[in-house]
Amino acid sequence: PSVPRHTNRLINEKSPYLLQHAHNPVDWYPWGQEAFDKAKTENKLIFLSVGYSTCHWCHVMEEESFKSKEIGEIMNEHFVCIKVDREERPDVDKVYMTFVQATSGGGGWPMSVWLTPDLKPFAGGTYFPPEDGVHRVGFRTVLLRIAEQWKENKDALLESSQRILEALRHTSEICVQGQESPPPPKEVMDTCFQQLSRSYDEDYGGFSKSPKFPTPVNLNFLFTYWALHRTTPEGARALQMALHTLKMMAHGGIHDHIGQGFHRYSTDQHWHVPHFEKMLYDQGQLAAMYSRAFQISGDEFFADVVRDILLYVSRDLSDQAGGFYSAEDADSYPTTTSREKREGAFCVWAAEELRALLPDPVEGATEGTTLGDVFMHHYGVEEAGNVDPMKDPHQELKGKNILIARCSPELTAARFGLEPGRLSALLQECQQRLSSARAQRPRPHLDTKMLAAWNGLMISGFAQAGAALAEQGYVSRAAQAAAFLRTHLFDPDSGRLLRSCYRGKDNSVEQSAEPIQGFLEDYVFVIQALFDLYEASLEQGWLEWALHLQHMQDKLFWDPKGFAYFSTEAGDPSLLLRLKDDQDGAEPTPNSVTVTNLLRAACYSGHMDWVEKAGKILAAFSERLQKIPITLPEMVRATAVFHHTLKQVVICGDPQGEDTEELLHCVRSVFSPNKVLMVADGDSAGFLYRQLPFLSSLERKDGKATAYICSNFTCSLPVTSVQELRGMLSP
C-alpha cells in the first residue's frame, strides 16, 4: 500500500468507521468540543456526516466526494466537518435523523446534515452524488449554495433553525395525556394482528413486497398472539404467517447457504437478492426466533437454522476474549488482484466456477449426473446468472448466481433418482467444498467494534437457543459473553454500563480515551440478556447483576413527568433533544422491551413498583398503541404480557438431580410468553430467597423435584409429573 497523502484527526479514533475516513482530504473532526469551539470561533457552519462501517452507500459517497481533493477543499474552506459512527453514538444519530425525516419525508445513511455553530440543524439529506444530474442536485452544488446562504442570509438561517428545533421538540414529545392508563390489550392485539395480516405476503412470507426485512419484532408478536389464541382461526393464521416467513427466509438468498448467518435484507419480494452486509443484531434476534419456531413446531428444520446462525457468529463474529463484533461488510474485492470492491463479491458464484469445483459423477443417480448438476438445480443456478438486472443497478452481479433453495429436498432427489437422505449428504459435501473455495477470496471488512446493546441481543440468542435445543455449549457461550461485558463494558466504581470497546493491536480489547457511557438500549438489551441467561443457566449472579442494572436504568433515564424512559441521560449540552423512540425497527425500541424486563424484574425481586412503571410506559404510548400498533409490535406483545400477569414457575429440587432436569426440560421446551423460571434449591441464604421470602415455604413433594406455578407470589398445588406441568404452562 502507498503512503497516504492526507491524514486527519480521525486517525486517533477507535471506531472502524471513523478510521476508514482518516485519510480523506477532508479535515474531519470527531463529534466533540474541539469541533464545536472551532465552529463558534470561526463563525462557520458545521457539516455533519453520519454513517457506519458496513454501509454500502456510505462507501459510495466517500469514494465519490470525500476522497475528492476539490470537494474536500470546498468542505474545509466553508465548514467544520464532523464524522459520526451512528453505532457508537446513536444519540447524535437519532436527534438529526428525526430532523431529516421530518423535513424530507425519508431517512437513511449516509446522513448529511448542515448545522449552525450552536448545533441546530437547518438543511439535510442522505446520499448526494458528487455532481448535478438530471434528477438530483450534486453535493458540490449543495455545499456552495449553503455556504452562500450563510454569507448572505445568516439571520434568516439562524431564525429558521430555531423554529425547526422548537417544532421538533413539540412533535417528538411522548408523555402521558391526563389520567391515561394502559390501553385495552385485546383491542390492541387484534388491531396489530389485522394490520400485519393485511400487509403479509401469502406467497413468500414477510410483510411487504420489496424491500423485505427480517423484522423479528413482527414474528415475536405473532408467536405470542398464537400462544394466547391457540384454538382460534386467527391464532392458527398468526402461527402460519410466522413459520412460513422463517422458512422462506431460510431458503432464500438472504440466508448465506455456504458461510451461514443472514444478510441484512432482501431487495426483492422473493428473499433472493440481499444487501450483503451481516449485522450482529440480526443474528441474535433471528437465533431467538428460530429457537421459538422449533419450540412451537418441533420441526428440526428450525433447529438446524439456529445451529447455522450460531456457527457463523462463533466462527466469524467472536472475539477471543468473549465479546461479539458488530458486522461484516457487503463489499469486498472479487479477487486478490482486483482494484475495486464489489457488493456481494465474497458470496456469489458463476455457473462455470461451480461446475469446475463439483465435477464428480454421482453414484446411483441418473446417468451422467455430477455433483454440480445436483447442487445447481437445487440452488437455482443459471448459466447466465440468476440475478434480475432490475435488482442490480450497478451491474455488479452480472453473470453471477446468488444461491436460493428453489426445490424441496424431495423434489431435487426425485429429479436425479436419489434417496432424500443421500441428497442431504451430497449437498453438505458441496457446501464444504464451496466453503473452502470461498475462503481463498478476499474477505469483506469486519467491524470489530463491540457494543453492549448488540452483545446483549446476541447473548439472548445463544441463551434461548441453549435452553430450547438443550445445548449446554450455547449457554456456556452466552455466559462467556456476559462475563466479557462485565469485564470490558461495565464500570464497577460507578455501577454503569459503557457503550463500546474495540479490538486493538495483538487482539487486545481497547477502550477509547474518553469511554462512551451506555445508552438506554444498552441497559435494556443487556438486562434482557441476563434474565435469559439466568433461565438457561440458573446462575443467580446474572440475576443479581440484572436487577442492579435495572435500578441504574431507572436512575439515569426515567421521565418522572411524562413517564417512560428517555434514550439518553440528561446533562449533555451537545444533544438538543432528549428523545423516546416510538417505532420498533431492525431492533425493538428499548421502551418496548423494557416493559417485559420490568415485569420479569418484579417477579424475581418482589419490587412491585416495577410493575407500576411498566403500566406507566404503556400509558405513555397508549395513543400510538391504539391507532397504529403495527409500528410497535414488541410493545403490543408486552401489553398482553402485562395484562395476563407473568407466571412464576418455581422448581424445588437439586439443580443437578435427574428429576429436576426433567421438569426444567419440560419448562424450556414449551413456548409460553408469560412465564419466568426459577429454581428454589433449598439454599435459604441464596439471592433468590433473600428477594422472595415466600420461596422458603415451598417444599419437595415426597422427596421428588416439584414444580409450583405462582402468580403474584401465590402458588398452585405442587406438581411432580411432566405431563401435568406441561398442561399448566399454556397461557
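# Exercises on a predicted model

Met248 is found in helix 10 (residues 233–251). The model is predicted, so local features need pLDDT of at least 70 and side-chain atom pairs count only at pLDDT 80 or more, while totals for chains, interfaces and linings use all residues. Residues are numbered from 1 along each chain as its sequence is written, and side-chain values use heavy atoms, with hydrogens and water left out.

## Exercise 1: Met248

Task: state which residues Met248 touches, not counting residues up to four places away in sequence.

Solution. 
- Step 1. Contact means heavy atoms within 4.5 Å.
- Step 2. With residues up to four places away in sequence not counted, Met248 touches Asp203, Tyr204, Gly205 and Trp271.
- Step 3. Thr54 is 194 residues from Met248 along the chain, and the C-alpha atoms of the two are separated by 25 Å.

## Exercise 2: the whole protein

Task: describe the protein by its helices and strands, its radius of gyration and its buried residues.

Solution. 
- Step 1. Helices (H or I, at least four residues) and strands (E, at least two) are DSSP runs, numbered from the N terminus. The protein has 27 helices and 21 strands.
- Step 2. The radius of gyration is 27 Å, close to the 27 Å that the globule rule gives for 731 residues, so the protein is as compact as a globular protein of that length. The radius is taken over C-alpha atoms, and the rule is 2.2 Å times the number of residues to the power 0.38.
- Step 3. The C-alpha trace spans about 85 × 75 × 50 Å along the principal axes.
- Step 4. Buried means under 20% relative accessible area, exposed over 50%, and partly exposed in between (1.4 Å probe, protein chains only). Of the 731 residues, 60% count as buried.
- Step 5. Domain bounds come from an automatic or database domain assignment. The domains are domain 1 (10–172), domain 2 (347–440) and domain 3 (648–729). The centres of domain 1 and domain 3, taken over C-alpha atoms, are 56 Å apart.

## Exercise 3: the nonpolar cores

Task: find which residues touch the most other members of the largest nonpolar core.

Solution. 
- Step 1. A nonpolar core is a set of buried Ala, Val, Leu, Ile, Met, Phe, Trp, Tyr and Cys residues joined through side-chain atoms within 4.5 Å.
- Step 2. The largest core has 156 residues, and Phe223 and Tyr290 touch the most other members.
- Step 3. Another core, of 30 residues, lies apart from it; Leu45, Ile71, Ile74 and Trp114 are among its residues.
- Step 4. Leaving aside neighbours within four places in sequence, Phe223 has contacts that include Leu239, Met289, Arg292 and Phe671.

## Exercise 4: strand 20

Task: list the strands that are joined to strand 20 by bridges, and say whether strand 20 is enclosed.

Solution. 
- Step 1. Two strands pair if DSSP finds at least two bridges between them.
- Step 2. Strand 18 (residues 647–652) runs antiparallel to strand 20 and is joined to it by five bridges. Gln648 stands opposite Cys710 in strand 20.
- Step 3. Strand 20 and strand 21 (residues 714–715) are also antiparallel, with two bridges. The bridge partner of Ser711 in strand 21 is Thr714.
- Step 4. The hairpin of strand 20 and strand 21 has two residues between the strands, and Asn712 there takes a positive phi near 50 degrees.
- Step 5. Five of the six residues of strand 20 (residues 706–711) are buried, so strand 20 is largely enclosed by the rest of the structure.
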